[in-house]
Amino acid sequence: MQSQGQQMLETAQTLILKTSKRLNVSDEVISKLLNPNHIHTVDIPVIMDDGRTEIFRGYRVQHNNVLGPYKGGIRFHPQVSQEEVQALATLMSIKTSVAGIPLGGGKGGVVVDPRKLSRLELEHLSRAYVDKLFMHIGEDTDIPAPDVNTTPEIMAWMTDEYVQHMKSETETPNPSHKQLSEWAAAFTGKPVHLGGSLGRTEATGRGGVIALVALLAKLGRSKESLTIAVQGFGNVGYYFSKLASEQGYKVVAVSDSKTGIMLKDQAELDVVATLQCKTEKGALGECFCESGACRIDGGKTLMNDELLTLPVDVLVPAALENVINIENMKDIRAKIIVEMANGPITEDAYEYLISQGVIIIPDVLANAGGVVVSYLEWLQGTKNERWSEQEVNDKLHEIMTAAFERIWNQSVKRNIPLKEAAFEVAIERIVNEMH
Ligand code: NAD
């Protein structure tokens, strides 16, 4: 039986293969699109708190750099595998290309359960990962970022380790501020005081709302009476809900890993008050919040699966992969789905929903806001500049809207769904750059 990583890789490669064939791409170029340029596998020794040395397996897959330096996060998880990292690196090449930014695709990972490490052990592991891969990383070559279980603090340790190496490699013990800023641009997702970008925290949710608003404009749908349900109330789900509400869209249901909530008569949830209430009470299920007031009996508690099948206009899976699948696809009632999580719809369910006329904004476009602001962080670093949050948001808006427009136009021109159009646009851009 295939592992999850193998399955992910096969799915990504099949999509690229099918798209490339449709576009009459040559076999030689298809092979370059399917296979990564480099797979770096390292054994990372870490001195543990009890004095033992433990070895962790780490990866950095550099998939494609035709459009610019490799770009992609580093994941710390016990289920990390080479195939999974390769699949994610492949999808990053597609995502950066869809976004229209001058970056390629890469991804990293370490097989570790970070909850079992002390803070010091985590720092040692993060620094040792950079020690092992230092020669492959750099602001002009490969730019890592946070991913599952890796935080801005981990990026700060990694950046510091990288900068120490650069000081000794270049024999520059006292680099200028400009030089330091350039070196630090080798990592994104850093804390703001260490060169991170304002606006990064909200970027993925914000990008998703921009894509949804652009789609509704194309469909001529007004926001009046349009209802939205969001699965996942973490970084992406929360900011998507909050920013959509701020723009006058009606979020009627949200859920986290334990439960979902909905007010009576699909009234509009107060997203900010809901998060405050959840933080105070520790559970979303008691937070029926409307106009700043929260009650414990003001609505209905939902099972996670129930949220997905609510009679809403827009469904936003923003938590896990494969949540819409062969089991529940026939019960989905939303006519628009915004894939904010990576791969929330299985292939079978995708085919079924498309055949039913459901419009799906694919993950490679819908959740590209994060990598777009990572790109903006990299630009600020390499230019030794700091931009205001408004400036960052304006640029994100410009890039996301242009990306949506290109994909929508391709979809109309070729009479294909947005996902196929996104892969076509991405692959065409990479292939054109190869010639
Ligand atoms: P997060 O850890 O901040 O939040 C995840 C949320 O999902 C939590 O609220 C959790 O309670 C909820 N959840 C878990 N299981 C659930 C279930 N069965 N039903 C409903 N909710 C459930 O993670 P995040 O950063 O918000 O990422 C969410 C998704 O978006 C992931 O697929 C991630 O790969 C993708 N993504 C994130 C970013 C980013 O910038 N954070 C960028 C691109 C894609």
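Trainee: Which side chain meets that of Glu 306 in a salt bridge?

Mentor: The side chain of Lys 300 meets that of Glu 306 in a salt bridge (2.7 Å, N to O). A salt bridge here is a side-chain nitrogen of Lys or Arg within 4 Å of a carboxyl oxygen of Asp or Glu. Side chains of opposite charge can pair when their charged atoms come close. Please note that this is a predicted model, in which local features need pLDDT of at least 70 and side-chain atom pairs count only at pLDDT 80 or more, while totals for chains, interfaces and linings use all residues. Residues are numbered from 1 along each chain as its sequence is written, and side-chain values use heavy atoms, with hydrogens and water left out.

Next comes accessibility: buried means under 20% relative accessible area, exposed over 50%, and partly exposed in between (1.4 Å probe, protein chains only). Glu 306 counts as partly exposed at 29% relative accessibility, and Lys 300 counts as partly exposed at 38%.

Let us turn to the sheet. Helices (H or I, at least four residues) and strands (E, at least two) are DSSP runs, numbered from the N terminus, and two strands pair if DSSP finds at least two bridges between them. Seven strands form an open sheet with mixed pairing, in the order β11-β8-β7-β6-β12-β13-β14. Strands β11 (299-302) and β14 (359-361) stand at the edges with a single partner strand each, so one side of each lacks a neighbour in the sheet. Within this sheet, β7 (residues 250-255) and β8 (residues 260-263) pair in the antiparallel sense over three bridges. Ala 253 stands opposite Met 262 in β8.

Strand β13 holds Val 338, a buried residue with a relative accessible area of 0%. Contact means heavy atoms within 4.5 Å. Beyond its neighbours within four places in sequence, Val 338 is in contact with several residues, including Gly 208, Leu 212, Val 316 and Ile 361.

The structure holds 24 salt bridges. One of these joins the side chains of Glu 424 and Arg 22 (2.8 Å, N to O). That pair links distant parts of the chain, with Glu 424 in helix α15 and Arg 22 in helix α1 (residues 4-22), 402 residues apart. Glu 424 is buried, with a relative accessible area of 0%, whereas Arg 22 counts as partly exposed at 34% relative accessibility.
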